[in-house]
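Hi,

Here is the structure I said I would pass on. Have a look, and then read my notes below.

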Amino acid sequence: MSTLKVPVLIVGGGGSGLAASVFLSGHGVDHLLVERRADTSRLPKAHYVNQRTMGIFRQHGLADDVAERAASPEQFGTVRWQTTLTGPGPLDGRVIHEMDGFGGGALRERYEAAGPALPAKLPQLRLEPVLRRHAEERNPGHVRFGHELVSLTENGDGEDVTAEIRCVETGGVTTVTARYVIAADAGRTVGPALGVRMEGLPALFDATTAYFSADLSAWWTGGSVITWFLNPYRPDLSSALIEMGPTWGKHCEEWGLHLPLAGIDRTDEKAVTGRIREVLGLPDLELTLHDVTSWSVEAVLAERYRHGRAFLVGDAAHRQPPAVGLGLNSGIQDAHNLAWKLAGVLSGRAGEDLLDTYEAERRPVGQANLGWAMSAAAHHQVVIDAAVGLGPHVPPERRTPAFFSYFSPTPVGAAQRARAAEIFATHRGECQALDVETGFAYEQGAVVPDGSRPPARAPLGDEYRPTTRPGHLLPHAWAERDGRRVSTHDLVGPDAGFVLITGADGEAWTEAAATAAEKLSVPVTVVRIGADGEGAEYTDADGTWARLRGTDGAGAGGALLVRPDQHVAWRAAGAAADPAEALTGALALVLGHRAP
Ligand SMILES: Cc1cc2nc3c(=O)[nH]c(=O)nc-3n(C[C@H](O)[C@H](O)[C@H](O)COP(=O)(O)OP(=O)(O)OC[C@H]3O[C@@H](n4cnc5c(N)ncnc54)[C@H](O)[C@@H]3O)c2cc1C
């Protein structure tokens with residue numbers, strides 16, 4: 001039996017665990033990641049990487065590698081409802097409705113204004129290998145696939161934990177001592193070992209997804225993140241088709257099909273293949289079936305995100321319907337929130353209290369995301385069907401006539417389509433939810449509230465209103481230096497520590513930052529952004545930064561303290577009587593030092 005001592009042990013090498021490893025390496029934290037499987041996911045699973053996650057990937061040097069393999073919003077940015085893929089009948093292959101979604105089409109401008117990176121579509125099957133490669137390169141020898149956690153015990157002095165890690169192939173056990181554990185195991189081992197209680201609905205509904213390769217180019221037009229088929233003849237053949245790459249669009253090779261398998265044994269390859277052909281309306285389609293998964297959709301949230309020295313991230317902390325694609329995205333964002341805090345505490349620069357802010361900040365976001373996904377899923381199940389004239393009140397014999405009526409070139413048909421279009425538009429809470437993806441904020445935690453109220457949020461979650469209010473994401477604006485364009489987000493690099501953004505006239509804040517950094521032994525980088533000709537090192541070329549900074553009170557002469565995760569920690573609306581005292585006090589509070 002061998003032994004190993006590391007500051008942080010990550011259990012689980014799915015998207016959340018691998019991302020946590022990359023982020024910890026970015027902060028210079030030594031750690032060990034163990035993953036039970038021999039390799040990354042063989043199932044595509046989550047496929048939407050939202051804008052905030054792409055922003056985080058940009059910060060950690062992953063975005064280019066992800067974007068290179070992913071579909072861009074022009075390639076996936078619509079959601080389509082169709083009768084069937086194809087078929088001989090007059091109702092086959094008809095588009096019921098199509099709307100821009102997830103940063104595509106007319107949404108692009110809004111997403112471009114919200115952040116420096118656009119959303120992407122890359123299923124876990126292709127995303128996880130990118131994350132794994134970066135995790136391994138940045139932490140050589142300490143990202144171990146084929147190794148599983150078998151036991152976890154907090155040591156008597158409460159100073160660390162002991163974990164037994166078993167090599168799946170040899171059975172050899174390594175005893176690992178770690179100060180902290182990141183449970184990224186989707187709740188499979190650490191949660192049960194620590195008695196984590198999951199609140200909510202553990203079995204909402206069952207879903208089945210088939211993964212297969214086929215050439216659908218003769219019938220597929222591409223462009224949609226998901227295409228829902230509302231079968232006009234048989235409700236039991238309604239389904240949803242998703243491109244899984246590696247080529248995007250018409251010539252996509254691999255597919256995920258959420259399909260009903262009632263009465264079919266999912267291990268019977270021939271029967272499943274037959275059902276796929278039936279659902280797609282292609283009785284002679286040549287296809288290769290890779291896998292069929294049945295998964296129970298849950299809506300559960302961990303009662304607590306911190307259990308002693310263990311922190312739950314990703315599916316270990318929250319599991320929800322896939323609507324809005326918040327599952328994996330939230331997991332990666334959990335890890336991002338936690339990584340800099342662990343780095344701060346392990347380096348001795350922050351107090352232990354900082355770690356409690358992980359739950360205070362991320363659990364409310366997890367709860368909100370879960371509620372949002374539930375509501376979006378319910379909306380789709382009930383309201384969208386009704387929009388087309390379907391629903392439990394419509395007897396089976398009225399189903400096909402309802403579709404004929406929907407497509408009929410009559411005033412009634414036109415009215416029905418117009419009515420449906422208005423109803424479909426209410427579904428933007430699922431597929432245009434920019435504010436849900438980006439506008440979440442931390443009301444309590446490692447922030448110093450300034451007494452202001454948050455900006456009103458759009459009830460359907462589709463309008464993101466950037467603000468410099470503490471707890472919110474730093475507003476994105478483009479600034480220029482030596483002819484190079486950078487986002488305000490780029491000013492907060494993975495190892496930049498805290499960043500103080502001030503104006504061209506920020507000498508007093510520059511001196512204050514030096515004092516605070518010295519007193520608290522924390523790096524604080526000062527960045528000055530000013531109008532052209534004002535002499536600041538970054539130029540606010542188009543005035544966007546001045547507008548965003550000034551909208552709600554952080555005006556000229558003021559300063560913004562930004563955390564390593566690009567959220568605002570504290571702000572001074574204008575010049576302070578004693579900038580050094582104000583900034584040092586704020587930074588000490590954020591770092592969890594009890595007495596500034
Ligand atoms: C069909 C499907 C479609 C989905 N679509 C979407 C979507 O579009 N968007 C979205 O955001 N989410 C989606 N999800 C959800 C998404 O896949 C999950 O939220 C995501 O995988 C969570 O990542 P994770 O890293 O937290 O957990 P996982 O990916 O489950 O990774 C946990 C890892 O921990 C490992 N592990 C467990 N126990 C141990 C142990 N004792 N020792 C070592 N390793 C261990 C497991 O082997 C596993 O690899 C979908 C899920 C499914 C099933």
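At what angle do helix 9 and helix 10 pack, and how far apart are their axes? First, a caveat: this is a predicted model, where local features need pLDDT of at least 70, side-chain atom pairs count only at pLDDT 80 or more, and totals for chains, interfaces and linings use all residues. Residues are numbered from 1 along each chain as its sequence is written.

So, the helices: helix 9 (residues 327–346) packs on helix 10 (residues 353–387) at about 170 degrees, with the axes 9 Å apart (axes are lines fitted to C-alpha atoms, for helices over the stretch in contact, and angles run from 0 to 180 degrees between N-to-C directions; helices are DSSP runs of H or I, at least four residues, and strands of E, at least two, numbered from the N terminus). That makes the two roughly antiparallel (angles over 145 degrees count as such). Among the contact residues are Asp 334 and Lys 341 of helix 9, and Glu 361 and Arg 362 of helix 10 (contact: C-beta atoms, placed from the backbone, within 7 Å).

Helix 9 also turns up at the ligand, giving four residues, the largest share of the shell. Of the 35 residues around the ligand, Gly 12, Gly 14, Ala 46, Gly 314 and Gly 327 come nearest (near: C-beta, placed from the backbone, within 6 Å).

Helix 10, meanwhile, lies across strand 15 and strand 18, at about 125 degrees to strand 15. Those strands belong to an open, mixed sheet of eight, ordered 5-4-12-13-14-11-15-18 (pairing needs at least two DSSP bridges). Strand 5 and strand 18 stand at the edges, each with a single partner, so one side of each lacks a neighbour in the sheet.

Cheers

Key:
Angles under 35 degrees count as roughly parallel, over 145 as roughly antiparallel, 65 to 115 as roughly perpendicular and the rest as oblique. Two residues are in contact if their C-beta atoms, placed from the backbone, lie within 7 Å.
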